[in-house]
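I opened this entry to record what I looked up in one chain.

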Amino acid sequence: MAIIYKTLLILFFLFFATRAYCNNSTDISALNENPNIQKYMQNLEENIKKNWKPKIGGQKNTTATFTINKKGELLSNRIVKSDSTEDASEAAKAIENASPFGTFPKEIKSKTITIEMNFVTIEK
């Protein structure tokens with residue numbers, strides 16, 4: 001079983017869609033409504049958003065998957081797909097520059113979390 005945390009951040013013409021999965025078999029999906037987990041994920045997204053410098057023009061989508069440990073340290077970071085090499089590079093840099101992300105809330109018992117994040121730009 002996995003924890004799934006979904007959110008959508010809209011900022012002008014940029015947005016993220018995020019899902020997080022714990023690596024253990026403990027079913028903690030009911031904790032999605034937990035304010036500590038919500039706050040942790042919001043802080044993580046805000047830190048990445050501050051570091052994301054996409055090139056604007058047209059509609060582009062980049063999907064990154066990264067894994068962090070209980071201390072919030074980045075263990076892996078990879079681009080799953082991207083419409084643009086530049087955008088892929090910017091998304092990877094944003095994640096790297098935003099880490100470490102802080103210690104997990106006590107409600108997350110897993111040793112690691114894998115996060116899938118979509119970086120989308122839409123030209124208005």
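The notes below go from the whole chain down to single residues.

**Ground rules.** I am working with a predicted model, where local features need pLDDT of at least 70, side-chain atom pairs count only at pLDDT 80 or more, and totals for chains, interfaces and linings use all residues. Residues are numbered from 1 along each chain as its sequence is written, and side-chain values use heavy atoms, with hydrogens and water left out.

**Fold.** I took helices (H or I, at least four residues) and strands (E, at least two) as DSSP runs, numbered from the N terminus. The protein chain has 2 helices and 5 strands. Their order along the sequence is β-β-α-β-β-α-β.

I then checked contacts, meaning heavy atoms within 4.5 Å. Of those between residues at least 6 apart in sequence, 71% join residues at least 24 apart.

I used Shrake-Rupley areas with a 1.4 Å probe; for residues, only the protein chains shown count as cover. The accessible surface is about 6,800 Å², and carbon and sulfur atoms hold 51% of that. I called a residue buried under 20% relative accessible area, exposed over 50%, and partly exposed in between (1.4 Å probe, protein chains only). By that rule 41% of the 124 residues are buried.

**Core.** Which residues have the most contacts inside the largest nonpolar core? I defined such a core as buried Ala, Val, Leu, Ile, Met, Phe, Trp, Tyr and Cys residues joined through side-chain atoms within 4.5 Å. The largest one has 20 residues, and Leu44, Ile48, Phe66, Ile68, Phe101 and Phe119 have the most contacts inside it. Elements α1, β3, α2 and β5 each give two or more residues to this core. The largest share, 5 residues, is from α1.

**Helix α2.** At the start of α2, a side-chain oxygen of Ser84 comes within 3.2 Å of the backbone nitrogen of Glu86.

The buried residues of α2 are Asp87, Ala88, Glu90, Ala91, Ala92, Ala94, Ile95 and Ala98. They pack against α1 (35-51), β3, β4 (74-82) and β5 (112-121).

**Charged pairs.** How many salt bridges are there? I required a side-chain nitrogen of Lys or Arg within 4 Å of a carboxyl oxygen of Asp or Glu. The count is 2.

Lys60 pairs with Asp87, with the closest N and O atoms 3.5 Å apart. Lys60 is buried because its relative accessibility is 16%. Asp87 is buried too, at 5%.

Glu90 meets Lys93 in a salt bridge at 3.4 Å, N to O. About one helical turn separates them, because they are 3 residues apart in α2. Glu90 is buried at 14% relative accessibility, whereas Lys93 is partly exposed at 38%.

**Thr65.** My last stop was Thr65, in strand β3 (residues 60-69). Is Thr65 buried or exposed? Its relative accessibility is 16%, so Thr65 counts as buried. Leaving out neighbours within four places in sequence, Thr65 contacts Ser76, Asn77, Arg78, Val80, Thr114, Ile115 and Glu116.

Terms used: A polar contact is a pair of N or O atoms within 3.5 Å; within protein, one must be able to donate a hydrogen and the other to accept it, and residues adjacent in sequence count only if both atoms are side-chain atoms.
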